[in-house]
Amino acid sequence: ALVADHDVHIEEEVEDTGIVYFSRFYRLREGVEPPGQSRPIGGDLGYLKFGLFPGDNRTFSMTLACGSDDEELRPRLGRSDGFDRAASTIVEARPWLDTAVSQPITDTVVMARLLKRRRRFLDDDGAPRVRGLVALGDAHTCTNPLYGRGCSLAFVQATLLGEALARHPSDPTDLARSYEQATRETVTPWYRAAVAQDAANRRAARRSEVPPTDGSESTLGDAVDPEDFMRDVLREGLLPAVRTDPVVLRAFLRSFNLLQPPQQLLADTDVISRVMDVYQRRDERPAEPPAGVSREELLDRLADLR
């Protein structure tokens, strides 16, 4: 709207994240200590993502996220009673949500229409559409908040803008070109990674809703879906290796904290060999306890809610 009123069109690339957030806020009861936990509470059941976030003044929030096209689950999670039933199926969150431990202080809060957006402030000739106007953070590039990168990418862009200003203090055109080039090299890969990850998550969620037709794990015989294989490697190789191998942990944290491009983690041959070694020994580890229930079981628990 800032420039549209002056007949300036800023091109946009926009994609829906495909998920809807539902959150409810709670406060610990007087005299009750927070339940112990050894790691952050969060995960992905395929059809449902979840996270519990401690706050100040003895408060915390619980967030659930499902597909925006999930017509069965979405309306039930929007109800406070449905949300509480669903949240109570998350094993690690259950001690926090015990009515003897905490009480809700809000109804369910919905955050929808979560968009990934990238705006182009240079024209086809590489000139700024508006001289002297630069944007950063979500005004320039925003991704799925699920990945927790919004503030970090905004800080990265602020640094890039400062560097561009130092190089071109008096030329708005060269400033814009320098800044946008640095943004394309540093920030845009994370936007592309978010687009690809969201698409993969949607495909995985759809597959989890369709049971095999013949009772087997796959209707494709011995064929292996490359995407399923990579998700399995991440789940059964990377995540366990992060907990046991300091080399993998450091590489993971560098990627998680945007200190290296998103593709570099899986391009490091030493890291990959360590991850694959853990993956190859996955059958030697005890099975991870389930984090929650299946979609079918959850829908059964919510069946009386309309």
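## Nonpolar cores

The largest nonpolar core holds 28 residues. Leu48, Met62, Leu64, Leu73, Leu77 and Leu298 have the most contacts inside it. A nonpolar core here is a set of buried Ala, Val, Leu, Ile, Met, Phe, Trp, Tyr and Cys residues joined through side-chain atoms within 4.5 Å. Two or more residues come from each of β2 (19–28), β4 (49–54), β5 (59–67), α2 (80–87), α3 (94–97) and α10 (295–301). Helices (H or I, at least four residues) and strands (E, at least two) are DSSP runs, numbered from the N terminus. A second, separate core has 11 residues, including Val248, Leu265, Val278 and Tyr279.

Which residues does leucine 64 touch, leaving out those up to four places away in sequence? They are Val20, Tyr21, Phe22, Leu48, Lys49, Phe50, Leu77, Phe83, Ala86 and Ala87. Contact means heavy atoms within 4.5 Å.

## Basis of the model

This is a predicted model, in which local features need pLDDT of at least 70, side-chain atom pairs count only at pLDDT 80 or more, and totals for chains, interfaces and linings use all residues. Residues are numbered from 1 along each chain as its sequence is written, and side-chain values use heavy atoms, with hydrogens and water left out.

## Two buried positions

Isoleucine 90 sits in the loop between α2 and α3. Its relative accessibility is 0%, so isoleucine 90 counts as buried. The cut-offs are under 20% relative accessible area for buried and over 50% for exposed, with partly exposed in between (1.4 Å probe, protein chains only). Beyond residues up to four places away in sequence, isoleucine 90 touches Leu45, Phe50, Met62 and Ala291. The C-alpha atoms of isoleucine 90 and glycine 292 are 4.7 Å apart, although 202 residues separate the two along the chain.

Serine 178 belongs to helix α5 (residues 172–186). Serine 178 is buried because its relative accessibility is 14%. Neighbours within four places in sequence aside, serine 178 contacts Ala164, Arg167 and His168.

The whole structure contains 22 salt bridges. The criterion is a side-chain nitrogen of Lys or Arg within 4 Å of a carboxyl oxygen of Asp or Glu. Side chains of opposite charge can pair when their charged atoms come close.

Aspartate 16 pairs with arginine 113, with the closest N and O atoms 3.7 Å apart. Aspartate 16 is in strand β1 (residues 11–16) and arginine 113 is in the loop between β7 (109–111) and β8 (115–120), so the bridge ties together parts 97 residues apart in sequence. Aspartate 16 is partly exposed, at 31% relative accessible area. Arginine 113 is exposed, at 63%.

Arginine 24 and aspartate 84 also form a salt bridge, at 2.5 Å from N to O. This pair links strand β2, which holds arginine 24, to helix α2, which holds aspartate 84; the two residues are 60 apart. Is arginine 24 buried or exposed? Arginine 24 is buried, with a relative accessible area of 8%. Aspartate 84 is partly exposed, at 28%.

## A further pair and a network

The side chains of arginine 74 and glutamate 71 meet in a salt bridge of 3.1 Å, N to O. Arginine 74 is partly exposed at 25% relative accessibility. Glutamate 71 is exposed, with a relative accessible area of 54%.

Glu13, Arg118, Arg120 and Arg192 form one network, joined by salt bridges that share partners.
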